[in-house]
Amino acid sequence: MIVGYVGYSNDDYTLELQIETLKKYGCNQIFHSKNSTSETKDIQVLRILDLLKPGDLFVVRKLKHLADSITQLLQITNYIREKGIMFVSIQEQLDTRMPTGKITFKTLEMLDEFSRNLIHERKVASLKTGRPRGRNGGRPKVNQQKLHEAISLYFSQKMTVVQIQEATGISRTTLYRSLKKIKK
């Protein structure tokens with residue numbers, strides 16, 4: 001069975017033209033989404049893929065209609081591969097039935113892993129260089145004396161929360177979080 005998926009795109013062909021392209025490719029069934037967010041698109045695509053059996057072919061006109069990032073694309077294509085489903089993107093001429101399509105996705109996996117490792121290394125390096133300058137990462141420590149003062153002012157009801165925030169420098173969120181802990 002050859003199943004097509006048409007994703008919404010405001011700068012591309014209309015849904016009808018995408019559907020026509022997939023019909024010409026030979027799709028027996030065509031699913032589509034309109035104005036979907038990244039999360040709802042993922043759910044829709046996974047529901048479609050759950051209908052497919054090993055050996056079926058899943059076709060999209062463009063990769064951007066299937067995923068919004070390389071990571072998301074790799075998650076979907078890994079799921080497709082694990083289920084034994086074949087995948088084709090017409091525009092990019094990617095076909096997992098061919099060795100070049102398999103190599104392309106392996107390359108994307110390596111680039112995605114490289115990118116994640118690079119981000120992690122930069123974060124670690126930034127923390128190491130920042131520590132000697134007094135930057136430890138994370139939220140700054142709350143001045144406990146000022147926090148107690150802010151809590152006292154809150155319970156005295158002499159000032160509004162905004163006035164307490166201005167007087168003590170304690171944020172509204174920190175004050176409310178501390179009050180919540182006290183009430184427990």
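Val88 stands opposite Asp95 in strand β5. The strands β4 (residues 86-89) and β5 (residues 94-95) are joined by two bridges and run antiparallel; strands count as paired if DSSP finds at least two bridges between them. Helices (H or I, at least four residues) and strands (E, at least two) are DSSP runs, numbered from the N terminus. In the hairpin of β4 and β5, four residues lie between the strands, and Gln93 takes a positive phi near 55 degrees.

This is a predicted model, in which local features need pLDDT of at least 70 and side-chain atom pairs count only at pLDDT 80 or more, while totals for chains, interfaces and linings use all residues. Residues are numbered from 1 along each chain as its sequence is written, and side-chain values use heavy atoms, with hydrogens and water left out.

β4 also pairs with β3, in the parallel sense and over four bridges. Between the two, the chain passes through helix α3 (residues 70-83), and this β-α-β crossover is right-handed, meaning that with the strands pointing away from the viewer the path from the first strand over the helix to the second runs clockwise.

Val59 lies in β3 (residues 57-60) and stands opposite Val88 in β4. With a relative accessible area of 0%, Val59 is buried (buried means under 20% relative accessible area, exposed over 50%, partly exposed in between, with a 1.4 Å probe and protein chains only). Apart from neighbours within four places in sequence, the contacts of Val59 include Ile2, Val3, Leu22, Cys27 and Ile90; contact means heavy atoms within 4.5 Å. Val3 is 56 residues away from Val59 along the chain, yet their C-alpha atoms are separated by 6.1 Å.

The largest nonpolar core has 20 residues, and Leu49, Phe58, Leu66 and Phe87 have the most contacts inside it. Such a core is a set of buried Ala, Val, Leu, Ile, Met, Phe, Trp, Tyr and Cys residues joined through side-chain atoms within 4.5 Å. The elements giving two or more residues to this core are β1 (2-6), α2 (38-51), β3, α3 and α4 (99-130). Of these, α3 gives the most, with four residues.

Phe87 counts as buried at 1% relative accessibility. Phe87 and Phe105 form an edge-to-face aromatic pair, 5.9 Å centre to centre with 65 degrees between the planes. Rings of Phe, Tyr and Trp (its six-membered ring) pair if their centres lie within 6.5 Å; planes under 30 degrees apart count as stacked, over 60 as edge-to-face and the rest as tilted. Phe87 lies in β4 and Phe105 in α4, so the pair ties together parts 18 residues apart in sequence. Phe105 is buried too, with a relative accessible area of 5%. Tyr5, Phe58, Phe87 and Phe105 form one aromatic cluster.

After α6 comes Gly169, with a positive phi near 80 degrees.
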